Amino acid sequence: MNDPATRSQVLRVPALSRVEGETALHLRVHEGTVEEARLNIYEAPRFFEAFLRGRSHTEPPDLTSRICGICPIAYQLSACRALEDVCGVVVDGQLAALRRLLYCGEWIESQTLHIHLLHAPDFLGHDDVIGMSRFHPAHVERGLRLKQTGNAVVELLGGRAIHPVNVRLGGFHRTPTRAELRPLAERLRTALDDARDTLRWVAGFDFPDAECDADLLALTEPGTYAIESGTPAVLPYDRALPRRGFPLGDFSEHVTEEQVPHSTALHSRLDGRRHLTGSLARYALNGHLLSPTALEAAREAGLGAPPLTSETEDGRPGEVCRNPYRSILVRAVEVLYAVEEALRIISVYERPARPYVEAPARAGIGHGATEAPRGLLYHRYALDGEGRVTDARIVPPTAQNQGAIEEDLRRLVQAGLDRGEDSEDELTRLCERAVRNHDPCISCSAHFLELDIVRTPGPV
């Protein structure tokens with residue numbers, strides 16, 4: 001829409017699709033320069049932190065799982081870890097292994113959903129997975145099989161595939177027998193081949209050149225690829241700065257949140273800088289701890305050696321992958337790893353004597369974090385002497401990534417304008433792809449609604 005009085009142009013493009021949630025995008029262009037990119041999240045606030053106050057310390061794992069139907073395990077186990085931290089309880093042995101197995105199931109189903117149903121259509125020139133399925137039915141069928149396998153893991157251990165009910169503070173209400181896990185292992189063996197084929201498939205996609213200039217944040221755990229526990233670590237964008245870490249209890253000192261006028265979601269900064277959490281960050285910080293099979297598959301897919309491995313062909317450290325388009329590759333590697341890890345856990349499983357350890361309440365503050373498919377998820381709870389929640393803080397990965405997503409949008413749209421891609425359709429496609437690279441989970445639904453571009457030409 002052209003406005004002769006202001007010499008500005010506003011384009012409104014409805015129904016951007018294939019992300020989880022509802023939001024709008026506002027771009028301001030002046031004399032061919034993108035001056036502002038805003039991700040306008042307008043969904044009503046959820047108020048989970050407010051209504052957790054006054055609840056018993058046993059309730060947050062079940063309540064917070066309702067925040068997201070795609071990654072409820074992430075919320076349950078982050079809540080469990082924070083509350084067990086308050087209570088001074090350590091869950092280890094086979095109970096800890098079962099938690100990791102459960103989380104592997106969520107990684108498999110969630111990452112597979114993104115790869116096949118949300119992200120792949122961008123690379124293959126289709127508007128959605130329905131259109132893609134007409135030309136690539138075998139790939140879509142494989143994705144559905146993988147997702148169903150992830151769902152089966154969550155259902156067996158969690159009691160149901162969505163919003164599981166078997167997780168509790170200290171462990172589980174019931175643990176499976178070895179016999180109950182055998183059919184699951186059979187499905188996972190088939191899934192291992194499907195995961196390898198998925199990685200080979202996405203490795204053949206055409207990846208535009210791009211770089212995310214944010215610091216990378218992920219949990220790290222000695223000797224393993226961190227999923228259900230760990231300590232925060234940071235890989236700065238500035239190559240001259242060293243990798244650093246900080247105790248989980250200091251998370252709020254490093255990751256600060258602020259309200260912005262255009263979003264009902266808080267924006268986060270890491271020590272005052274933009275940061276990114278999720279698959280790219282995990283691979284950069286922990287990729288050297290993947291299984292040999294997953295590492296070799298990553299190399300064959302073109303990701304190269306992770307930064308901290310010494311096994312590059314020329315003996316030098318690996319390169320950090322910061323291209324958001326290639327995040328689909330890393331997600332495929334993580335699916336392969338999660339399937340392999342699930343099989344490993346099942347192969348050595350022995351049913352524990354008790355399904356949980358007691359977690360008696362005590363006054364204090366506890367911190368918990370896990371690696372949700374979309375990145376680091378942090379919970380903090382304060383309890384009084386009767387075990388009632390007096391304060392709660394939840395920092396989801398998408399809120400942390402919003403600043404990086406907006407900067408990616410600004411830079412990618414600017415590059416598109418410089419190439420002459422300035423039509424409404426071209427900019428819409430570019431913006432959709434840029435956002436889907438990060439797989440944001442705005443709520444639990446599946447669409448954007450509006451792209452708003454304000455163009456202000458210079459004087460004639």
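The legends below describe close-up views of a predicted model.

Residues are numbered from 1 along each chain as its sequence is written, and side-chain values rest on heavy atoms, with hydrogens and water left out. In this predicted model, local features need pLDDT of at least 70 and side-chain atom pairs count only at pLDDT 80 or more, whereas totals for chains, interfaces and linings use all residues.

**View 1. The chain as a whole, with its 13 helices and 16 strands.** Helices (H or I, at least four residues) and strands (E, at least two) are DSSP runs, numbered from the N terminus. Of the 460 residues of the chain, 58% count as buried, where buried means under 20% relative accessible area, exposed over 50% and partly exposed in between, for a 1.4 Å probe and protein chains only. Among contacts in the chain with a separation of 6 or more, 73% join residues 24 or more positions apart, a contact being heavy atoms within 4.5 Å.

**View 2. Helix α3, residues 72-87.** The 16 residues of α3 reach 23 Å from the first C-alpha to the last, close to the 22 Å expected at 1.5 Å a residue; the expected span is 1.5 Å times one less than the number of residues. Because 14 of its 16 residues are buried, α3 is largely enclosed by the rest of the structure. Glycine 88, which follows α3, has a positive phi near 70 degrees.

**View 3. The packing of α3 against helix α4, residues 93-124.** The axes of α3 and α4 come within 9 Å and cross at roughly 150 degrees, the axes being lines fitted to C-alpha atoms, for helices over the stretch in contact, with angles running from 0 to 180 degrees between N-to-C directions. The two helices α3 and α4 are therefore roughly antiparallel to each other, given that angles under 35 degrees count as roughly parallel, over 145 as roughly antiparallel, 65 to 115 as roughly perpendicular and the rest as oblique. Their crossing is left-handed, that is, the near helix is turned anticlockwise from the far one by less than a right angle, clockwise being right-handed. In α3, Pro72, Ile73, Ala74, Leu77, Cys80 and Glu84 meet Arg99, Leu102, Tyr103 and Glu106 of α4. The residues of this contact of α3 with α4 divide into seven nonpolar, no polar and three charged, with Ala, Val, Leu, Ile, Met, Phe, Trp, Tyr, Cys and Pro counted as nonpolar, Asp, Glu, Lys and Arg as charged, and the others, Gly among them, as polar.

**View 4. Helix α9 (residues 279-286) against helix α11 (residues 327-347).** Here the axes come within 9 Å and cross at roughly 65 degrees, which makes α9 roughly perpendicular to α11. The crossing of α9 past α11 is left-handed. Ser279, Leu280, Arg282 and Tyr283 in α9 meet Ser327, Val330, Arg331 and Glu334 in α11, and the residues of this contact of α9 with α11 comprise three nonpolar, two polar and three charged.

**View 5. Glycine 375 in strand β14, residues 375-383.** Glycine 375 is buried, with a relative accessible area of 0%. Not counting residues up to four places away in sequence, glycine 375 touches Thr277, Gly278, Arg282, Thr370 and Pro397. Glycine 375 and alanine 74 lie 301 residues apart in sequence and 9.8 Å apart in space, C-alpha to C-alpha.

**View 6. Aspartate 271 in the loop between β11 (267-270) and β12 (275-277).** The phi of aspartate 271 is near 50 degrees, a positive value in a residue other than glycine. At 38% relative accessibility, aspartate 271 counts as partly exposed.
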